[in-house]
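This report describes selected features of a multi-chain model. The structure is shown first, and short sections follow.

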Amino acid sequence: MGRFIARRILAGISLLFVITSAAYFLLYLSGGDVARNLLGPTASDAQVAAKATELGLDQPLLNRYWDWLSGALTGDFGTSWASRAPVTELLSGRVAVTLTIVVAAVIVSGIGAVVLGSLASSRGGWVDRTIQVASLVGAAVPGFLIAMVLVLVVAINLGWFEPTGYINPSTSITGWLSTAVLPITALAVAGVAGVTQQVRGSMLDERRKDYVRTLECRGLSSRTITYQHVLRNASGPALNVLALMFVAMLGGAVVVEQVFSIPGLGKLTVTSTLSSDVPVIMGIVVVTVVLVVILNLLIDLLQAWLNPKVRLS
Amino acid sequence: MTAPLAPTPRVATRRRASLLRSVLRQPLGAVALAVIALFVIVAIIGPWIVPGDAYTAHLDAILLPPGPDHILGTDPSGRDVLSRLIIATRSSMLGAAIALVVAAAIGISTGLIAGYYRGWFESVFSYGASLFLALPSMVVLLAARSVIGPNLWWAMVIFGVIVSPAFYRLTFATVAGVRHELYVDAARTSGLSDVRIVGRHILSVVRAPVIIQAAGIAGVAIGIQAGLEFLGMGDAKLITWGGMLNDGFQAIYRQPWLLAWPTLALVLISVALTLVANTLRDVLERSSSARRSRSSEQAPAVYTIPAGTALSVRDLEVAYGDDKAKQAVVVRNVSFDVAPGEVLGLVGESGSGKTQTAFAILDVLPGGGRITAGCVALAGKVTTQAERAHERGRSVAYIPQEPMSNLDPSYTIGAQLTKPMRKCAKMTKTEANANALRLLNRVGIANPERVMGLYPHQVSGGMAQRVLIAGAIATEPDVLIADEPTTALDVTVQAEVLDLLRDLQAEFGMAMVIVTHNFGVVADICDRVAVMQDGSIVETGDVESVFDHPQHPYTRELLGAILDDASVRELPSPTTTNGVLS
Amino acid sequence: MKFSYRATAVTAVGVLALAACSSSDNDPGAEPSSSTASTETGAAMAPLLNLGVVDSPGQGGFVAADMSFATKAPYGQAIYDTLVRATPDNLLEPALASDWGYDSGKTELTLKLRDDVKFTDGTDFNADAAAQNILRFRDGSAENANWLANVSDAVAKDPHTLVITLSAPDPALLLNLSRAAGYQQSPASFDTDTPVGSGPYVLDQAASVVDASYIFDANPDYWASDYQHYDEIAMTVFDDPVSMQNALMGDQLDAALFTGYQGFDQIEGAGYTAHEYAQDWEGLLLFDRTGQLSEPMGDVRVRQSINFAIDKEGLLQGLAGGRGEVTTQVFGKETPGYDAELEYAYPYDPEKAKSLLAEAGYADGFTIDFPTVSFVPQATFDLVGQQLAEVGITANFTDIAPQDYFPTMLGGNVALASFRLEQPATAWETYSLELSQGAPWNSFHTPDDAVAGYGEIIQTGSDADSAAAAAELNKYIVDQAWFNPWYRTITTFYTDAETDVTPQVGNVYPYLWNIVPVTN
């Protein structure tokens, strides 16, 4: 097991290296006149040239990449071109915001999907059909529309929650709830819908297996079989989907944070890509990849824990 | 009885041809297919059916509400929304199709190769997959846009590449899972080339999950495309749903209807896609309903059951399918009695209905199957479906054919043995443990304490079968149904297990039904035998008399085959095509 | 995301905008106005102002020498004082400078500075600090560094006398010293991460989230308490007008600059008061006046034809919902040189447009490359392209990535472009931003002796001569059809029932001290 984890971490590190390099070179291609865009149309050419020098834009690509890489290895991701704030400082607060929302949405999705998915697969009939249709619609409606509807109806018309902004749970739990419930909901709708379909499908697959018949013949109730055996064996594929959902939600956070004006990683992604703020974008790439690598490791461990075949080998 | 080779091509074609019809038979599937068909038709003929001008701006008709001139109103440039919606269908659907095809082509092919060959293919492709999964697609698409320009088609190609890991992972997992299944091994040893094995055996396994995934990806692609357009990264010259959403969003307070139409289109097509996939999956895998169908057994009064029988079956008929006209009858007019302490052999080839009969007695017919006529009596009393379900694990027990697949891989043997005792026999944990140890000991397992803590994959097939037997006799049942209890075992173990069964049967005085194709087993353990063919009993009698004087030609044929080639486990027959495995 | 692009555009417009602010009733070169300001409420401080802003401080952060103005003015005005202060009508008043005057050649400006002001780090404000700040802004990376382009030197004559020498007279210099160019940062904080000023508020860095929300606490020792109205100001950044509207309707803001195109009724329905002022003109910039990229555009009749081809009233209704005024000139209503007569120079007349085209030799029309960009509503291009097509001009639309739109327009890569520009409040700024040969928005740098001649009079002449020259220049530009303005757009600033504001002539964002609590 230890070797397995070490191997995964090594793979993760190499992944990080490959992706950050690719991203850096892609960003170089997408360049545009960064200094001019930062300074605006009225800045003089001399000012623009000075800015370009200050940002190191006149250096050859490989030098710039090496500077970035050697800085990053020591934990220094540089300074935002667009706001002059240190990238690590910019990121630290925002990662927490986005992670809190996304993790909450993933948990909601997981629980919701297990309940709905097992209901659908075991009940059949209209319950199954209703849940299926609902989950289909939920997965099909674009996230930004759900977010907009929540803002307009629940926050503004009903006044139950704040329409924009974010309050840290450490500052005030009720404040956090008032700002976080709607974005979490907006993200979780697609999550619940998508994972429900997977749970339902794998449970149906599992239910057809021989051991289920044998357990029935042993006199176990269908409830016991569903929740203790079928669900447990179906949770492997469902976990994989949940992991994918996590990554998808990191992406979905871009739109949701934009609609709710939440200062998270997603919103930072938008602003930094728009201003070609390379140090910040690279910081975001690193954070995202690290998150995904950690997530996959966790999922692998969880899978191993669920599946004795893997655990014991 | 796992068929060592894949179904004959004739069977496969027939199944595929009926797939579309099967989907259409499901109301939801039919509606969804109709929606997709409608969208495809609109995408093709759109430019010829638009009611108005989708392109020309009209200053005097800006943001009109729905009305007679413009059924869905007009957009911020005064253009007919319905016309634009129709025109947008083509580019939106085409974009999604491009992403889908690219993702599927890359994902499935790499998944097949990596799953089948493993080794460094797996390392390289899996690495690549995780690479793409971790890439922030937003940055990739933005960067790509400045390199290739605002081209929707290329953007969708790139998106296809980014999402290809979804197909890869699915295909890989499925293929890796079946790679060592018996039938693949068999195909390999029989000298089929890798390409043919993959094409014939493995592709058919990944087909269903891939179709389901494809529908999902198509939906996501349509959504992402809309998102791109919505964010202003699309091709301004193309009319797309995303672009229309963007127009609507800009005018959400002036003309909220604008947002509704493209949303409706997006949601409709995504839902329809997934719905069709789900229906397909259900049809392909015959699992549309997990619920057991209600049996329509005859009223108990019709039958007179001789007193003193442990199990009686009268005029039993089992059928699949809800529709009376189209249902497939797999067991018809089967009647027999088994006295306490008596062993009945139910003999026949694959598809003769013997296992279906056993499942009907236990009330564990697969989804869609049900008793359509006749009755089952236990201890001289005709039972209802609910009564039989209640007797399972109490007075009626079951020993399956394939020991490994009949144990839950996630639980230890001890847990699987004790759980029914605690739930059904209401034993305490300690009692159940002691009882399980005693039973394991009784079925001839040398080190019961150790075995209790093992997982199914850690024991041999023979030992697993002993565990299953121990589980079956735990409640000292009156009737034991054994479905090919020795077929999947090594020849050396077969005799031991038969000996064990005979001893246990004698010890507990159980009535026993052994489902088998093997006359050796019959000769070894049975008192009486019933020969089944095509769902009916063609001959029944004492073992000796049937062996010595087989009356029915089919019985003679079966006996003859055994004498010809005793090592053949499965009797090949040209009639085995009704698709229902016995 | 689209919205943040729009925000980018707004920023850029703002950039121009700020170049635009100025005094109309007051000669910026004059002695300090004796009128005392309008905002001296003397009322008690209110606890908190939730202010909605449309962008973050930007690449300059809070470094005085690198800060932007326009939409970003509240950030600088919170923590910095300026040398002079402008009233909402751009009359100049004493601030850190108590008195000032030019020499006769208008190339040497002497300012007397207050001696009782300390920065919030405890160091003294003096002429030496002021001189350093002036030179740093001139040489810094602020987008308006050109505001001090004519400054050749700034020296402390004595601890409280600052002398600024100019290479050429600059009619807008004093006005610019009331804006970002006049921000005074403590020299002790020049090379630190936490810039320090002497202004009414202090940035609470710990409570702020970069690019999202900025918290300012009142400076307890502020020397001009009449310009300090709140214990705390929270500025929240909304780069998307729909989000800002949501925040307004959810009652999360007390005051905000609104840059959206819709939702006005709903916001007022939620209890806000709209303060509206014309700030920008929207239309086509006909860059290629010498026909370098597109030969027809070199012919004045073709440019006039475009002006006749566009239905301005229709576009105003269709694109801006009627919120604006149709115009033909780039000079604002408050700007010297504005001529009401000119507003009717080019009525909507497609026939006239066609005959002008025919006269110019393009009876069969011509095709012209027309850049589009996602942050300008697509309907703009649809409608304009349609109207041009009706007189025979085919627009060949090419989509430009948002980050490339400014370089494309300003680099002389397109013959025309659709955009929205601020209307500067002084003729001099209009000239140097849009008309002079070196003006950034004269992207082909078209040389024109007539234009240059008027420009010189505006720069160096007396007020009367300058105004007369501006009027001539305006008429000349309209006749020559250098632009195709459609309408002046309305900028809206919202305040709730507890807040009031006095908008600033010539700046898109009202000055911070003019946003005040309502005292009942």
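## Basis of the model

The model is predicted: local features need pLDDT of at least 70, side-chain atom pairs count only at pLDDT 80 or more, and totals for chains, interfaces and linings use all residues. Residues are numbered from 1 along each chain as its sequence is written, while chains are lettered from A and ligands numbered from 1 in the order in which they are written.

## Helix α17 of chain B

Helices are DSSP runs of H or I of at least four residues, and strands are runs of E of at least two, numbered from the N terminus.

B:Q494, B:V497, B:L501 and B:Q505 are buried in α17(B) (20 or more other C-beta atoms within 10 Å of the residue's own; exposed means 12 or fewer, with C-beta atoms placed from the backbone). They lie on the same side of α17(B) because they cover an arc of only 75° around the axis, taken from the directions from the helix axis to the C-beta atoms. B:T492, B:A506 and B:E507 are exposed on the other side. The buried residues pack against elements of chain B including β3 (343-347) and α16 (461-473); contact requires C-beta atoms, placed from the backbone, within 7 Å.

## Contact between chains C and A

In chain C, 40 residues are in contact with 36 residues of chain A. α1(C) gives the most to this side of chain C, with seven residues.

How values were computed:
Contact = placed C-beta atoms within 7 Å.
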